[in-house]
Each structure stands twice: as C-alpha cells, then as structure tokens.
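Please keep the sequence and the three-dimensional view side by side while reading. The paragraphs below move from the overall chain to its core, then to a pair of helices, and finally to several individual residues.

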Amino acid sequence: AMAHCCGEDSCEGDSSLGVRSRAWVRRKTSRDLHVSPISLLVAVVVAALRGFLASPSCHACRAGQVPLAAAQLHGARHHSGGPGPRPEPPLLRAAKARRPRARLRSGAVAVSVAAPAPPLKLPTLLGRIDSLDVLEALRAELFPRNRRPVALDSSPDTWCRGCTIGLTQDYATGEAIPTAATRKRPRLARVLCQACKDLDPDFRFTSIQINLNTRYRMHTDGFDAGPSRMLCCGNFTEGRLWLHNWAEQAWQPFDCRDRWVAFDGREYHMTEPWEGPERYSLVYFTHPAWSSSEHLRPGTRSLLEDLGFPWPRDAADT
C-alpha cells in the first residue's frame, strides 16, 4: 500500500486528489498564521496602556522625589521586571517556612557554627578619602573616549572618556584576560587598588572602571558578579549618584565626591548633571569571568595580584 500524504483515505500518493489536498492544507495553514496589521496594532496599544496605567509601587517615584528619567520607568520593566534583586514571592517564603528541618541521627554530635557576619546594607556611604594621590595618578593619564551606549558627554564640547583596568573577557576567544589599559598603566592600577584596600581591606575585586566627565543614563551593570565600590573626585560640584534599592522600592541620592559608597551595580543607577570641568568616577567590581579557571589565560591572575587586585577566594567574596 502507498503511504498517504495527508492522512486521508481518499489521498493516494501522488494522485491529483492528493496534490489538491496538500495544496488546501498549505493555504489553510497560511491563513491561520497570518496576523493582520490592525490586530498587531491593537496588541501593541493594549500592552502600552497596561505599562502606563500600572500603579507605581515606588513611594519615591509617586512623591516625585526622583529624576525625571527614573520616574518614567513606572511600568513593569522597572518596578516589576527590573534586573535587580527581587524579594521572594510570598508563596516561596511560606514553602520555606514549612520545610522540615534536618534532624540529627542518634549518636551524632552537634557542631556549633559561628554565625556569619551580617551583610553590608546596600547602598551605603563609607569613609572619606584624601584623593590627592588618586587625582595625581589620574591626571597623569590620557584616557580614550568612552563609547558605551549609556555614557553621555558632560557638555557638547567635552568628550566623556574612560577605560577599564583589571580583568575582562576576550569575546573572540572567550578567554579571561587583563585589559590593554592594565598593561599600559601599571602605576595607575597600583595606586587605585591601594586606595580601595586602605579603606575596605576585606573587599575583593578584579576590575576598575575609570570614568572622566561621563554622565550615565539610568542603567544596570551587566558585568558585575557582586556588590561594587565607587569613588568620585575632581573639580566639580553636584553630580550625585542616584541609586535604586529594590528591596525598599526607593531611590536615594549619594554625594560621592571624595567619599566611598558601597552599592549593587545590578540595581538601577544614574548620574545627575554637575558643574565643573573635571569629574572622575571610579567603580570597583568583580568580573564574572574570574571563576572560570579553564578560560583564564595563564598568568592573568598572578599579573593582577602583583598590581594589587585582591582576587576573590571564593563565591562568598563577590
């Protein structure tokens, strides 16, 4: 018996009836998959209305206490679907509360484990710094133009500049390597690493983002494996850093000039305009490629540690 092409008894192989049946199936499928432009337009309008009409859950946004660009994110993308850390859903918390605890078997010895130190509440301001040595090292360098899409020039006649020193990833080969700026500026790397270790010796990092006269749009940092440290210095006034706290659903401004701030770069943050010809900002973070030992180019870790980068010991250090 010949195999039927469409599953109907009346269709026999390559007969004319079978050919007509197959053609009918193709036409019917094409009509079913077609979406009219009107239907597509209605779907887009409905989705947009849902985003605009969604009630903002951020108290600071409702009170108008955030920059305009931040307040415009009142939709699901910011308050409900942002990339920052989110609180656990109530059902998940309830399930964890009902989870039975492991019992010690008879004869087992209970071992007392010291409670870990409470995590640092983020964001928070840390100590002040005399930035003269840092400024001297920064002013001795000429940095390339910052071409990140979220980076804005401080004025029409002033380019935003900057670079990354420390660990990065070669996207052509997948290797974790030191940046070219690290090899060109070893003295600067040592000065900046020492400045952070003097204030917070327990903080571990693999990379430092250097920005000169760069005003960032609201964004999140996709290459952070954990919390960051930031310092601003130079000849300027204002130019605060606005940070969003997902747990508290609030925005908060921080004056980082000659002062360290600890924050999570995976939360939304942005820079407000400033007055002055010179504003440096330094962001210390851990690149996620640090833990991929099979992709780490030989000699990379030893080179960065010699320059003063405190390499993370394990995932708890990030």
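A residue is called buried when its relative accessible area is under 20%, exposed when that area is over 50%, and partly exposed in between, with a 1.4 Å probe and protein chains only. The model is predicted, so local features need a pLDDT of at least 70 and side-chain atom pairs count only at pLDDT 80 or more, while totals for chains, interfaces and linings use all residues. Residues are numbered from 1 along each chain as its sequence is written, and side-chain values use heavy atoms, with hydrogens and water left out.

Of the 318 residues of the protein, 39% count as buried. The protein has ten helices and twelve strands, where helices (H or I, at least four residues) and strands (E, at least two) are DSSP runs numbered from the N terminus. Contact here means heavy atoms within 4.5 Å, and among the contacts with a separation of 6 or more, 77% are between residues 24 or more positions apart.

The interior can be approached through its nonpolar cores, a nonpolar core being a set of buried Ala, Val, Leu, Ile, Met, Phe, Trp, Tyr and Cys residues joined through side-chain atoms within 4.5 Å. The largest one has 37 residues, of which Leu138, Ile165, Leu192, Ile208, Ile210, Tyr284 and Phe309 touch the most other members. At least two residues of this core come from each of several elements, including helix 7 (132-139), strand 3 (161-169), helix 9 (186-199), strand 5 (207-212) and strand 12 (274-285). Helix 9 gives the most to this core, namely six residues. A second, separate core has twelve residues, among them Cys256, Trp274, Val283 and Phe285.

Helix 7 and helix 9 also pack against one another. Their axes, which are lines fitted to C-alpha atoms over the stretch in contact, with angles running from 0 to 180 degrees between N-to-C directions, come within 10 Å and cross at roughly 155°. Helix 7 is therefore roughly antiparallel to helix 9, given that angles under 35 degrees count as roughly parallel, over 145 as roughly antiparallel, 65 to 115 as roughly perpendicular and the rest as oblique. On the helix 7 side the meeting residues are Asp133, Val134, Ala137 and Leu138, and on the helix 9 side they are Arg187, Leu188, Val191, Leu192 and Ala195. Sorted by class, this contact has seven nonpolar, no polar and two charged residues, where Ala, Val, Leu, Ile, Met, Phe, Trp, Tyr, Cys and Pro count as nonpolar, Asp, Glu, Lys and Arg as charged, and the others, Gly among them, as polar.

Val134 lies in helix 7 and is buried, with a relative accessible area of 3%. Beyond its neighbours within four places in sequence, Val134 is in contact with Ile129, Val191, Leu192, Ala195, Cys233 and Leu282. At the end of helix 9, Leu199 is partly exposed, with a relative accessible area of 29%, and touches Leu126, Gly127 and Trp260, not counting residues up to four places away in sequence.

Leu167 is found in strand 3 and has a relative accessible area of 1%, which counts as buried.

Finally, some loop residues deserve attention for their backbone angles. Most residues other than glycine have a negative phi, and most peptide bonds are trans. Asn213 is not a glycine, yet has a positive phi of about 50°; this residue is found in the loop between strand 5 and strand 6 (214-216) and is buried, with a relative accessible area of 6%. Gln249 likewise has a positive phi, of about 55°, and is found in the loop between strand 8 (241-245) and strand 9 (250-254). Ser154, in the loop between strand 2 (151-153) and strand 3, is in contact with Asn213 and Trp274 when its neighbours within four places in sequence are left aside.
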